[in-house]
Amino acid sequence: MWETLGTVRDLGRLQEIASVLIRYGFGDMVRRIGLAGALEKAGRLLHWHDPQAMAHMAPPERVRRALEDLGPTFVKLGQVLATRVDLLPPEWIAELGKLQNAVPALPFERVRPQLVEDLGAEPEAVFARLEQVPLAAASLAQTHRAWLADGEAVVLKIRRPGIRDTVEADLRLLARLAEIAQAQAPDLRRYRPTQVVHEFTLSLRRELDFAAECRNAERIAANFEGHDEIVVPKVYWQWTSERLNVQQCLAGIPGPDLAAVDAAGMDRRQLAMTGAGIVLKMVLEDGFFHADPHPGNIFYLPGGRIGVIDFGMVGRVSAQRRYQIVQLLHGLVERESGAVADVLLEWGEGEGEVDESRLHADIGAFVDQYRGVPLKDLRMGAMLTDVTTILRDHGLGLPPDLALMVKAFLTLEGMGRQLDPDFDMAGAARPYVERVLLDRWSPRALARRGRRGLLDALDLAGDMPRELRRLMRAARRGRLHMQMEVTTLKAFGEQVDRAANRLTMGVVTAALVIGSSIVMHSAGGGVPSRWLLALGVLGFVGAALTGLWILLSIWRSGRR
């Protein structure tokens, strides 16, 4: 905490955070995590009045409003939390899903110097025409439309000047606050704040790099080579950098404008199936997917094609994970509770032991309620939400890549039902599930796994004699040791060690007090006596400092 308070800038930001939390009725949290005490010791005063206007708000709404007031970094944090369906209940996910990136745009003259620096020339020298009024503005960037000399329309995504410094300061504070919350607030530990902040930090830093976003777009475009149903904007690399993204402007109907879809005579049902096929291929076949496929990132193009933009947030799923996802979906669709429970136990991340028999019973009861329900009536999103609820009830959480995948599926099904109320997510997924299962056990896949296993076995057999010789040599020289660590005994030993240190320092303190008293009592009025008097005073000062150290050590132990 004191490292956080080391700079004036972070201290001021810390006070802003505490003040916003208090304003929305989270003053008790500010006290419990030690934020109030630290600020008061630093000479900062907090206003503890809780406005009555906030009393009628439900906790999810208060948190959402507080995140909006705290600024871009915290808005992004809320959006990431909205993907953690395994940690938060549905009402929290729904409320955090309302967080919007939309913020007032900066005047073009504010972004022009950075744009000139990134382009290497004045914008008017690069583009035939550039609209200074932005198309849209978000917390990290704003977009402007421009035209090349050949008449091609492009979009410039310009990062807000100075935003990285603000984000880095907030990330430092978030990391400290997460550590404090995990240590001082036991009821918050189940949400794993330090892990969530670490994942968020990595995600946000990647999102700040617009060149990385363009590489993601080109990778997905390469995965869909030969598929005409998806359009990924072309990237103009000669002008693209970490702070600037120049890409093709898609001329289509924005995803939220369903009235325009109807007016254009587009087939809603076909669009829903096309969108489902795109996302399912990304997740189940390619293992690299757009992690935020909401309507704002979608355009409906002539010919029933779908344009996809904004690849700042992507998910990656390994081949083994993809097979586990297929096992889960297959188990849900075929009502095989044992297969579902086995997958969840492999995925589950939590503290302490899991009651496997109770988990199997809960999964069995959950799957049984869908017995006899026609496949077309299954709601895949609702089923995945119920599965994550069971995980929460058992103190388990999903790995980050799977949390993004579940959120993508939920968003996909919601969009599909907006386009077509009869959209069948389970039916759309079934061909991909079957294809992955067949591919898993195809002769080529079996031969590949067998060859890899054989090579690993040969490597192990080749290394075995050398490792055995090393082991026998260490045994002959008496250097073979076995180390066993028992956590409870280690903790007990540390407590004994601290107690012995305090006892020793206490004896030293008592000796300093007694010795200094004797020295000062024996001092007379001569010059040597003045030296003895000074020596006695130094002894008392040393005793006082040693006693203060002991008290501080005891206080810290009590805080832990």
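Colleague: What does a side-chain oxygen of Asp-209 reach at the start of H11?

Modeller: The backbone nitrogen of Ala-211, to within 3.1 Å. A polar contact is an N or O pair within 3.5 Å, one able to donate a hydrogen and the other to accept it; neighbours in sequence count only if both atoms are side-chain atoms.

Colleague: What sort of model is this?

Modeller: A predicted one: local features need pLDDT of at least 70, side-chain atom pairs 80 or more, while totals for chains, interfaces and linings use all residues. Numbering starts from 1 along each chain as its sequence is written, and side-chain values use heavy atoms, without hydrogens or water.

Colleague: Which residues of H11 are buried?

Modeller: Among them are Phe-210, Cys-214 and Ile-220. Buried means under 20% relative accessible area, with a 1.4 Å probe and protein chains only. Helices are DSSP runs (H or I) of at least four residues, and strands (E) of at least two.

Colleague: New topic. At what angle do H4 and H5 cross?

Modeller: Roughly 145 degrees, and their axes come within 6 Å. Axes are lines fitted to C-alpha atoms over the stretch in contact, with angles from 0 to 180 degrees between N-to-C directions.

Colleague: Which residues meet there?

Modeller: Leu-67, Glu-68 and Leu-70 in H4 meet Phe-74, Val-75 and Gly-78 in H5. Contact means heavy atoms within 4.5 Å.

Colleague: And how many bridges join S9 to S10?

Modeller: There are 4, and the strands run antiparallel. Pairing takes at least two DSSP bridges. In their hairpin, Gly-303 has a positive phi near 85 degrees.

How values were computed: Buried means under 20% relative accessible area, exposed over 50%, partly exposed in between (1.4 Å probe, protein chains only).
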